[in-house]
Amino acid sequence: MGLFHRQFLLGITCIGCLTVATPGWAQATLESWRVDPHRRRLEFRTDQPTQPQLRVVGGQRVVIDLPDTRWRQPQTQQDFGTTQVRIAQYQPDVARLVVAVPEVISPAQVRLEPQGSQGWTVVWGVPVNASTILQSAQWQGSGILLRLSGPEVVGRVRRSKDRQWLYVDLPNTAVSSSFQNQTRPYNLRVEPGAMGSLRLALEVKTSDPDWQLRPIPQGLLLTRPNSTPSTNQTAPPAPPPRPGTKTRYTVLIDPGHGGSDPGAIGRGGIQEKEIVLDISRRVARLLEAQGIRTVLSRTQDVTLDLEPRVALAERVNATLLVSIHANAISLSRPEVNGLETYYYQNGQWLARSIHKNVLKTTNAPDRGVRQARFYVLRRSSMRASLVEVGYVTGAQDAPRLASSSYRQQVAQGIAQGIIRYLDNLSQK
Ligand SMILES: [Zn+2]
């Protein structure tokens with residue numbers, strides 16, 4: 001919000017009001033919950049009536065917020081095959097249940113059914129386009145058998161840039177609720193694919209040639225070609241597989257402002273809060289498509305102080321925090337346009353990586369990587385960066401920031417900057 005960012009003020013003025021206002025909000029308690037991944041349903045009960053709010057985030061997470069409700073236990077996370085349930089006190093007065101599902105689903109495929117006034121069932125469905133079901137993956141000595149039922153599919157194999165992952169994309173395919181991710185002898189798991197399709201990620205040795213996929217009567221067989229020819233044996237041995245990759249990281253994306261705080265307002269009335277939420281969602285989708293767990297500090301147009309943003313990042317144990325804002329200066333300065341990226345202490349290389357990549361995808365004027373004492377940068381323990389994606393008051397930036405194609409370019413740059421940065425972390 002402008003060169004004199006509102007974050008400074010909120011950070012100082014709002015800590016007091018938060019601590020005063022907190023007690024007494026929550027009335028109901030989330031008492032019990034139960035998930036049945038095979039029937040794709042979650043049941044939960046509260047001790048008082050409440051009004052659950054349900055939405056689908058990033059195509060793969062069903063988020064249920066219980067207003068005025070407390071979760072009186074530590075944050076919970078449990079895996080049920082490829083389905084994961086997380087429960088936390090998201091805000092002082094909001095308990096949150098998150099069901100992470102293995103396929104990409106649309107909001108129309110999820111329903112919330114009341115069971116009396118204090119019980120609910122959430123049911124999520126198989127993607128509508130999917131006609132083939134992946135039943136299991138099994139190591140067979142010569143390869144991995146992907147057992148499929150339904151119409152034949154033509155799978156596609158791709159390799160990650162760092163050569164550590166092999167991706168198998170299966171169009172029009174859903175995963176059986178009894179499917180188990182594998183860890184031995186290979187780490188193989190389901191990841192989000194495009195809408196209606198399924199992606200399997202297989203961790204391989206960087207020295208491995210590409211694996212091959214061929215149809216067999218039971219489904220598809222994924223085989224590792226014979227070891228490298230002897231002429232290659234003078235090459236240095238490949239390093240042992242690392243215990244994990246960037247997929248074990250969590251990124252918190254923080255769209256600035258929201259609700260009663262519009263942030264900067266620019267040419268044509270464009271509002272910072274709306275622009276940055278849209279860009280943030282796009283970044284989250286791009287990161288999740290790479291298997292990086294991503295948490296948004298807000299997914300809607302809601303008022304949110306700075307303190308809970310940082311608290312959330314700490315609670316989800318985020319590896320990185322990236323706050324997304326748009327800049328402003330007086331409307332009489334239309335010539336001021338461009339990208340600025342900020343860090344406080346430990347986020348300098350993250351900021352540089354994001355900045356460089358956004359410049360690449362957008363060709364925006366370069367206003368530099370800078371150090372500043374923004375609240376979210378100062379108060380977070382993880383590496384953090386704040387991106388000012390452009391000037392809503394700028395003659396060049398304003399119309400670009402209003403367009404969805406430009407927002408996608410910005411999001412691609414931010415996501416790439418984060419991914420490159422995590423790649424470097426993985427290699428240490
Ligand atoms: Zn701002």
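Student: Okay. What is the mean pLDDT of the chain?

Tutor: This is a predicted model. The mean pLDDT of the chain is 83. Of its residues, 86% reach 70 or more.

Student: Where does pLDDT stay under 50?

Tutor: One stretch is residues 1–24. The model has 30 contacts beyond four places in sequence for residues 1–24. Another is residues 227–244, with seven such contacts.

Student: Why should I care about low values?

Tutor: Where pLDDT is low, the predicted coordinates should not be read in detail.

Student: Got it. How many helices and strands are in the chain?

Tutor: Seven helices and 25 strands.

Student: And what share of the residues count as buried?

Tutor: The chain has 428 residues, and 40% of them count as buried.

Student: New topic. How many residues are in the largest nonpolar core?

Tutor: It has 58 residues. Among those with the most contacts inside this core are Val-251, Val-283, Val-376 and Ile-418. Helix 7, residues 404–426, gives the most to this core, with nine residues.

Student: Pick one for me. What is Val-283 in contact with?

Tutor: Leave aside its neighbours within four places in sequence. Then Val-283 is in contact with Ile-253, Ala-411, Ile-414 and Ala-415.

Student: And what does the second core include?

Tutor: That separate core has 23 residues, including Trp-165, Leu-170, Phe-179 and Ala-201.

Student: Back to helix 7. How do the axes of helix 4 and helix 7 cross?

Tutor: Helix 4 covers residues 348–362. Its axis and that of helix 7 come within 7 Å. They cross at roughly 140 degrees.

Student: Is that crossing left-handed or right-handed?

Tutor: Helix 4 passes helix 7 in a right-handed crossing.

Student: Which residues meet there?

Tutor: On the helix 4 side they include Trp-349, Leu-350, Ile-354 and Val-358. On the helix 7 side they include Val-410, Ile-414, Ile-418 and Tyr-421.

Student: Do strands 11 and 12 run parallel or antiparallel?

Tutor: Antiparallel, over six bridges. Strand 11 is residues 132–139 and strand 12 is residues 144–149. Ser-136 stands opposite Arg-147 in strand 12.

Student: What do strand 13 and strand 14 form?

Tutor: A hairpin, with five residues between the strands. Arg-163 in the turn has a positive phi of about 65 degrees. Strand 13 (156–159) and strand 14 (165–170) pair antiparallel over four bridges. Arg-158 stands opposite Tyr-167 in strand 14.

Student: Which strand do six bridges join to strand 14?

Tutor: Strand 17, residues 198–203, and the two run antiparallel. Leu-166 stands opposite Leu-202 in strand 17.

Student: And strand 1? How many bridges join it to strand 2?

Tutor: Six, and the two strands run antiparallel. Asp-36 stands opposite Arg-41 in strand 2. Four residues lie between the strands of this hairpin, and Arg-40 takes a positive phi near 55 degrees. Strand 1 (28–36) also pairs with strand 5, in the parallel sense, over two bridges. There, Ala-28 stands opposite Thr-69 in strand 5.

Student: Why does Asp-68 count as partly exposed?

Tutor: Because it has 16 C-beta neighbours inside 10 Å. Buried needs 20 or more, and exposed means 12 or fewer.

Student: And where does Asn-317 lie?

Tutor: In the loop between helix 3 (306–315) and strand 22 (320–327). Asn-317 is partly exposed, with 14 other C-beta atoms within 10 Å.

Note on methods. Residues numbered from 1 in each chain as written. Predicted model: local features only at pLDDT ≥ 70, side-chain atom pairs only at ≥ 80, totals over all residues. Core = buried A, V, L, I, M, F, W, Y, C linked by C-beta atoms within 7 Å. Contact = placed C-beta atoms within 7 Å. pLDDT = per-residue confidence, 0-100. Pairing = 2+ DSSP bridges. Axes fitted to C-alpha atoms, helices over the stretch in contact; angles between N-to-C directions. Left-handed = near helix turned anticlockwise from the far one by under 90°.
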